[in-house]
Amino acid sequence: MSMRPRDKRMSLEDVVGRLESGMTIGIGGWGSRRKPMALVRAILRSDLTDLTIVSWGGPDVGLLARAGKIRKLVYAFVSLDSIPLEPHFQAARQNGTIPEVVELDEGMFQTGLRAAAQRLPFLPTRAGLGSDVLANNPWLRTIESPYEGPDGMPETLVAMPALELDAALLHLNRADMHGNATYLGPDPYFDDLFAMAADKTYVSVEQVLDTAGLTAGPSPVPVQRLLLSRMLVDGVVQAPAGAHFTSCTPDYERDERFQRAYAQAAKDDAAWAAFEARFLAGDEAAYQAAVKEFGDE
Amino acid sequence: MSDLTRSEVVAAAIADCWAQDGEIFASPMGLLPTLGARLAKMTSNPDLVISDGESVFLAAPPPLGSSTGAVEGWIPFRKVFDVVANGPRHVMMGATQIDREGNQNISAIGPFAQPRRQLLGSRGAPGNTVNNRTSYWVPQHSTRVFVEHVDIVSGVGRARAEAAGTAATRFHALHRVVTDLAVLDFQGAGGTLRLISVHPGVDVEDVRTATGFDLETADEVGTTREPTDTELMLIREVLDPRRLREKEVPS
C-alpha cells in the first residue's frame, strides 16, 4: 500500500465529466487575470448548461455567456482589464440573454465567499447599504447588531448570504499530484476562498511537480505561496498556457493582441463565427496550436 | 505661465483632494487621478500611500505609464478590501452618471433588468462610499454625466446613506468632484453637489449649461488655482513627460 496521498491528476475532460448542468460554479482569478480558461473552454465543448456562475468576471464570463451556458450570473464586475468592458457580457446583458443576474459590490462578493468558507449562513458587511445593489436584489436582507454602536444605537448592516458553490475552477502556477498548489505571481486573488466555499475544487496548473519541487527549485519558493492545501483540492490538471489569454504571471503576461482580436470578433456574428471556427472548434491542443499560429502571424 | 494647459490645472486640483488626508491609501481610478495622486505625494502630502494599481505599494511615485521603483508593501486585491473596511483610504472613482444628491453610477445605463448600455457593474463603489472618503473625476463635464437622477446607484450619496441608517453614514464622506471645467464639493443643502471653483477660462454659466440640474453654487465661486512652478515642473518633467494627460483632457 502506498504511503503517499492520492494521485488526483486528471484531464480537462475528466473535470467537466464531474460537473453537472444546473450546478453553481465559482471561477477563480480576477477580471482578465489567471482565469482557468482551459477549463472554461472544456465547458464550452461540453453539453453542460443552466449553470450558475460566480465570478469576479472576465473573459470566462464572456465566453460562457456567449455560448448560452449561464442561467444565473453572480458578479461584481465583468472586465477585460485593458479593455474595460467585456463585449459578450455587455451584449448578453443588453439583449437580456442571461435569465438571472445578481450584481454585487466587490467586497460583498468576498464576504459571501467568506461566509460559505466558514459554513456560516451570512456575514455582516457595510458594503451595499444605500446602493441599488440592495434594490436590485430585494432578497438581500439587513441585520441589526445586537450591540449598541458608538452613538448608543445598534447598527443595521447588510447580511451577505453565503455564496455556496458546488464546484470551484481555478488556475495556479504549480501543483503536485495531490493538490498542493502555489501561485507565483504578485496576487493570490481569492482562489483559496473559492476552494473553501466549494464542495469540489478542480485546479489546473502550468506544471505538475513532485511535492519537494513546489518550494525547491532554482530559486526557493517561499512557503507563503502555497495557497492551496490538498485538503481543499479534488482534481489537478496539467494545462500549460491554461490561463491564456489572461495573465499568469510570471509564467506569461496577458496576450493583449489575442485579447484585442477576441474583443473585436465579439462585435458581429460573422466575425465571431470565424473566431470560433479558428480557435474554439477543437480540443485544447488545437486551441494552443491555433494561438501559436496567430502569434507567429 | 502662459502655456498652462487645462489638464495641468486639473492635475493640481485633483492633487488638492488628497492634500489634507495624512497617511492614508490614495486610490485613483484612471489617468488624471493617478497623476494627481502622485503629484500630491510629491508636494502637499508626502505621507500619502500609493500603489502600482495592481498589487504593491510604491515608495516613490513613478511616471505615468510606469510602475517601477522601490516597493514598500503588498496590496493584493484581498488586502484592498481589508483597507476599505478598515478605513484609511481616499478613492477617486470615475462616474458615468452623477446626480445632485451625489449618487454615482458606473453599473449600466437604462433599466437594470435589461440595460440599454451595460457598463462595468457596481465594482467597489457601494463599499467605497460607505467606508472611505470618496471623490470623483469626470473628464467631460456634460448633461449626460450630471443628471437629475442616476439610472443605477453604485456610489451612495448623502441622502441615500442617511436613509440606510447610521451604519451607512458613520464613515460616509464624499469629498470633491473634479471635472474638465470645475471643482465641486458636497456642501450643498443636505449634502448635495455644489460648485466651488471654475477652471481658468471657464465661466460659471458654462458649468451650469453643462449640468443637467439646477446647480447650487458656493457664495463665492472662485477660479481654480493654477499649479505652482514646482508642480508644473513635476507634471511636465517627472510624472508625465509623454503628455498622456492631454489624451484625457485635450488642450
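Modeller: A polar contact is a pair of N or O atoms within 3.5 Å; within protein, one must be able to donate a hydrogen and the other to accept it, and residues adjacent in sequence count only if both atoms are side-chain atoms. This is a predicted model, in which local features need pLDDT of at least 70 and side-chain atom pairs pLDDT 80 or more, while totals for chains, interfaces and linings use all residues. Residues are numbered from 1 along each chain as its sequence is written, chains are lettered from A and ligands numbered from 1 in the order written, and side-chain values use heavy atoms, without hydrogens and water.

Colleague: What makes D283(A) a cap of α10(A)?

Modeller: A side-chain oxygen of D283(A) lies 3.3 Å from the backbone nitrogen of A285(A), at the N-terminal end of α10(A). Helices (H or I, at least four residues) and strands (E, at least two) are DSSP runs, numbered from the N terminus.

Colleague: How do you know that the span of α10(A) agrees with its number of residues?

Modeller: The expected span is 1.5 Å times one less than the number of residues. For the 13 residues 284-296 of chain A that gives 18 Å, and the end C-alpha atoms are 18 Å apart, so the two agree.

Colleague: Why is α2(A) called roughly parallel to α3(A)?

Modeller: The two pack at an angle of about 5°, with axes 10 Å apart. Angles under 35 degrees count as roughly parallel, over 145 as roughly antiparallel, 65 to 115 as roughly perpendicular and the rest as oblique, so α2(A) is roughly parallel to α3(A).

Colleague: What makes I25(A) buried?

Modeller: I25(A), in strand β1 of chain A, has a relative accessible area of 0%, so it is buried.

Colleague: Why does R126(A) count as buried?

Modeller: Its relative accessibility is 15%, which means that R126(A) is buried. R126(A) is in the loop between β5 and α6 of chain A.

Colleague: What makes the link between R126(A) and E155(A) a polar contact?

Modeller: Their side chains are joined at 2.7 Å. The side chain of R126(A) also reaches the backbone oxygen of A167(B) at 2.8 Å.

Methods:
Axes fitted to C-alpha atoms, helices over the stretch in contact; angles between N-to-C directions. Buried < 20%, exposed > 50% of the residue type's maximum accessible area, 1.4 Å probe, protein only.
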